[in-house]
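Okay, thanks everyone, I'll keep this short. Have a look at the structure on the screen, and then I'll walk you through a few parts of it.

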Amino acid sequence: MESKTIVAIQQDEETIKILSKLGCQVVEAGDCIEGLRLILRHQPILVVSIMKMPNFNGIAMAEIMELFQIQTPIIFTTTSVKDQKRLNDLSGNHGFILLEQIQSRLLELATKKLSEPLKPVGHLKYMIRQREWADLSSSADKKRILIIDDSAWVKKACMMSLDQLDSYALFSAKDGLDGIIKALLIQPDLILTDLHMPNLDGLAMSQIFFVLNQAFPIVFLTGDTNHNLSEKTKRIGGILGVILKAELRNQALFHQKIMQYLDDSEVNHDEIVRDFQKGNSELLAENEKKMFLEGKGLCTPGTEFRPGTHHIAALRKGGGGLGDFFG
Amino acid sequence: MEKILVIDDSATFRNIIAKIFAPLNYEIIFAENGIEGIRQCVNHSPTFMTVDLEMPVLNGATMMKILGMIGLEVPAIFITGDESALVKAAKLPFVTAAIHKSKIKEKLISIGQDLIENSTNRHFSDFKYDLPHREFVHLLGKRERKRVLIVDDARSMRAVMVRQLEKLNLFEVYDAADGREGLLKAMMIKPDLIISDIEMPFVNGIRLAQILYILGHPFPIMFLSASEDARVIRQAKALEGVTHFFQKQDVTKKGAEFVMAIKSQLEMDPKKKEEIKRKYKCIDINKIKDSGEMEIGI
């Protein structure tokens, strides 16, 4: 079996035919969510993707790839020369081609991209607390809860409160990015996360989990009593609900809520998994204007392109991001 | 909930110790042997523990060594009936004190109090985890393929196997450079199959399998070895979870056969899997004994 793969997202038969001349297996995806999932699955040497898509477009996909230091070059196909400037916001070595040039130039461009060396990526160096380590080593069937909050105080309050029950394995992370890595490593049964955090906030994190097809049940923890979060987010299956920070003071109530959410996630498990599997980008659109999708990346075609408002852009400015995790 | 773990093979002795600690108002949990002791440590993270030095099959010193291998540091008070072992035992890592069986009534409670006062809130010391980017990307995606973990201290051997298996595009391949890393990685990624070398420094393949058994993780293991030593092979096969044995020199020579062996492991009958799981749940201390070389003296 051929090991080298090219992922083609929303490309016509002609394009696929051209790509197959490169001697690689070509895997096709219908949209960028499916595309990103295939990229993770196949770790291809090249991606050829449509740039504009409703709800979750090629640029957004590229940004998430950058967030995770995936260096595979992408050749974007589009109808307008103007779209080329969007590439400036990506740091990767990507290419750009107009639909009418595909016949004449694609093969040449792809060959060129494939010949350019990729920057090597270091190892992920990650610290795990000893207590968490013990819980990971344990073969006892304790439910795992991951608590994500940038406030050490709130995190500690949650942990100490739940620790009294002595029935859960508790893990913690300091922001959305840290939360993503830890969740991937420990596979929690429930994530309890703050909404507003530096780097990557709770909603952005939940959306990335959705795009990655990582169906972790999520409960938001917020101090904001005016939120209408349940309305906005309940369409994504993994998001179970909200606990107010004030509710932490009433331990019995807090414990009861956590137990209820764990039960919910168990009862709805199959449905959540199915929902994630489908990866319907419309679910992201529901939240589009307010959250992660705001700004340049995940916007719909035709919307004006405004750099700098994006979470990941902010990350890059601060020098943060997963780059810090990779030594 | 703060806890004290009491490990002793004698029920009478366990009760005596529990009574001594009763005034401290901590929950007291027990273990009858070294394996149970390690599982209790991992499951409950006790504030401290008392360890009987002389236990059958897996003695106190060996137990501490295994805890050290998996990176868990629980302060321990050793209890022994052997005068000559007292001094040596006190020098083992993480051993706070060693006392003679006849002196526990006078000494144990005050040592326990000291440990509680000085306990740094369940000794949070961080553990560094190191993951190549390729493996990180595997973790990012949904778990759809089987996971294979390769443990070998020879870098070239590891590289060849990773490349060959990745090329098949059938499973996610992870690798570790020695038994200890293999152990840690196994607990993180929960592989469907471990392919391990036997001869490795510090934690060798047999130890790796033994520790996984002790912790209760039923990952199927396939050994890959250059050894033709009948004793090693017999020991390896005595272990629970070890399902296959492959000669190292055959990996390249009989490549197709090697891949077939991996595939057949991965397509194991669910009934058989359940049975292995069940066996790991209950503890048969003799399994460790048959596979030998675990015991260390002090």
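Before the helix pairs, a word on how they're described: an axis here is a line fitted to C-alpha atoms, for helices over the stretch in contact, and angles run from 0 to 180 degrees between N-to-C directions. And please keep in mind that this is a predicted model.

So, chain A. In chain A, helix 2, residues 32-42, packs with helix 3, residues 58-67, at an angle of about 30 degrees, and their axes are 9 Å apart. Angles under 35 degrees count as roughly parallel, so helix 2 of chain A is roughly parallel to helix 3 of chain A. The crossing of helix 2 of chain A past helix 3 of chain A is right-handed. Who's touching whom? From helix 2 of chain A you've got A:C32, A:G35, A:L36 and A:I39, and from helix 3 of chain A there's A:G58, A:A60, A:M61, A:I64 and A:M65. Sort the residues of that contact by class and you get 7 nonpolar, 2 polar and no charged.

Stepping back a bit, chain A has 13 helices and 11 strands. Of its 327 residues, 45% are buried. And if you take the contacts in chain A between residues at least 6 apart in sequence, 63% of them join residues at least 24 apart.

Most residues other than glycine have a negative phi. A:Q10 isn't a glycine, yet its phi is positive, about 55 degrees. You'll find A:Q10 in the loop between strand 1 (5-9) and helix 1 (13-20) of chain A. The other one is A:D166, again not a glycine, with a positive phi of about 60 degrees. A:D166 sits in the loop between helix 6 (152-163) and strand 8 (168-173) of chain A. Is A:D166 buried or exposed? It counts as exposed, because it has 11 C-beta neighbours inside 10 Å, and the cut-off for exposed is 12 or fewer. A:Q10, on the other hand, is buried, with 20 other C-beta atoms within 10 Å.

Over to chain B, and another helix pair. Helix 1 (residues 11-21) of chain B packs with helix 5 (residues 104-118) of chain B at about 55 degrees, axes 9 Å apart, so these two helices of chain B are oblique to each other. This crossing is right-handed. On the helix 1 side of chain B it's B:I17, B:I20 and B:F21, and they meet B:I104, B:K105, B:L108, B:I109 and B:G112 in helix 5 of chain B. That contact divides into 6 nonpolar residues, 1 polar and 1 charged.

Now the core. The largest nonpolar core has 158 residues, and B:I38, B:M49, B:L67 and B:L149 touch the most other members. Take B:L67: leaving aside neighbours within four places in sequence, B:L67 is in contact with B:I38, B:C41, B:L72 and B:V74.

Last bit, how the chains meet. 36 residues of chain B are in contact with 34 residues of chain A. Which element of chain B gives the most to the side that touches chain A? That's strand 6 of chain B, with 6 residues. By class, that side of chain B has 17 nonpolar, 10 polar and 9 charged residues.

That's it from me, happy to take questions.

Key:
Residues are numbered from 1 along each chain as its sequence is written. Chains are lettered from A and ligands numbered from 1 in the order in which they are written. This is a predicted model: local features need pLDDT of at least 70, side-chain atom pairs count only at pLDDT 80 or more; totals for chains, interfaces and linings use all residues. Two residues are in contact if their C-beta atoms, placed from the backbone, lie within 7 Å. Helices (H or I, at least four residues) and strands (E, at least two) are DSSP runs, numbered from the N terminus. Ala, Val, Leu, Ile, Met, Phe, Trp, Tyr, Cys and Pro count as nonpolar, Asp, Glu, Lys and Arg as charged, and the others, Gly among them, as polar. Angles under 35 degrees count as roughly parallel, over 145 as roughly antiparallel, 65 to 115 as roughly perpendicular and the rest as oblique. A crossing is left-handed if the near helix is turned anticlockwise from the far one by less than a right angle, and right-handed if clockwise. A nonpolar core is a set of buried Ala, Val, Leu, Ile, Met, Phe, Trp, Tyr and Cys residues joined through C-beta atoms within 7 Å.
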